Amino acid sequence: MTNKYQELDAAICDYVARRAGHPIYSSGLEGIARRLAAANRVPLQEPWRLIDRRMQSLRKAGRLAYERKTGGGSGVWRVVAPAREIEA
């Protein structure tokens with residue numbers, strides 16, 4: 001089964017795998033989020049909110065994990081499972 005967020009989910013996983021920084025700051029992901037919101041006629045005030053919600057869904061589905069650094073500081077996101085379809 002495919003979901004309407006499949007393109008964004010794949011882009012988030014790719015972004016995280018490249019260790020390019022935090023996904024909510026990516027202009028490329030922001031563009032995908034804006035396009036999805038417009039296509040689904042969903043009011044979108046902040047694209048990063050949709051990106052963050054999808055990251056949490058991917059985490060819950062077991063595709064992403066957030067690892068905290070020992071001794072404090074910001075952690076890092078990592079891909080833990082190969083891309084596969086998840087339920088929205």
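**View 1. The salt bridge between Glu 7 and Arg 35.** At 42% relative accessibility, Glu 7 counts as partly exposed, and in this predicted model its side chain meets that of Arg 35 in a salt bridge, with an N to O distance of 2.4 Å. Because Arg 35 lies in helix 2 and Glu 7 in helix 1, the pair ties together parts that are 28 residues apart in sequence. Arg 35, with a relative accessibility of 47%, likewise counts as partly exposed.

**View 2. The salt bridge between Asp 9 and Arg 54.** The side chains of Arg 54 and Asp 9 meet in a salt bridge at 2.8 Å, N to O. This pair links distant parts of the chain, since Arg 54 belongs to helix 3 and Asp 9 to helix 1, 45 residues apart. Both Arg 54 and Asp 9 are buried, that is, each has under 20% relative accessible area.

**View 3. The salt bridge between Asp 14 and Arg 18.** Here the side chains of Asp 14 and Arg 18 meet in a salt bridge at 3.3 Å, N to O. Asp 14 is partly exposed, with a relative accessible area of 42%, whereas Arg 18, at 52% relative accessibility, counts as exposed. By the rule applied, the count of salt bridges comes to 5.

**View 4. The buried side of helix 1.** Among the residues of helix 1, Leu 8, Asp 9, Ile 12, Cys 13, Tyr 15 and Val 16 are buried; they cover an arc of only 160 degrees around the axis, which puts them on the same side of helix 1. The buried residues of helix 1 pack against helix 2, helix 3, strand 1 (64–67) and strand 2 (76–79). At 1.5 Å a residue, the 12 residues of helix 1 should span 16 Å, and the end C-alpha atoms of helix 1 are 16 Å apart, which agrees. Helix 1 is followed by Arg 19, whose phi is positive, near 55 degrees.

**View 5. The largest nonpolar core and the surroundings of Ile 51.** The largest nonpolar core holds 16 residues, and those with the most contacts inside this core are Leu 8, Ile 12, Leu 29, Ile 51, Met 55 and Leu 64. Helix 1 (6–17), helix 2 (27–39) and helix 3 (47–60) each supply at least two residues of this core, with the largest share, 5 residues, coming from helix 1. When neighbours within four places in sequence are left aside, Ile 51 is in contact with Ile 12, Pro 23, Ile 24, Leu 29, Glu 30 and Ala 33.

Methods:
Residues numbered from 1 in each chain as written. Predicted model: local features only at pLDDT ≥ 70, side-chain atom pairs only at ≥ 80, totals over all residues. Heavy atoms only, no water. Core = buried A, V, L, I, M, F, W, Y, C linked by side-chain atoms within 4.5 Å. Buried < 20%, exposed > 50% of the residue type's maximum accessible area, 1.4 Å probe, protein only. Helix = DSSP H or I, 4+ residues; strand = E, 2+ residues; numbered from the N terminus. Contact = heavy atoms within 4.5 Å. Salt bridge = Lys/Arg side-chain N within 4 Å of Asp/Glu carboxyl O. Expected span 1.5 Å × (residues − 1). Arc of directions from axis to C-beta.
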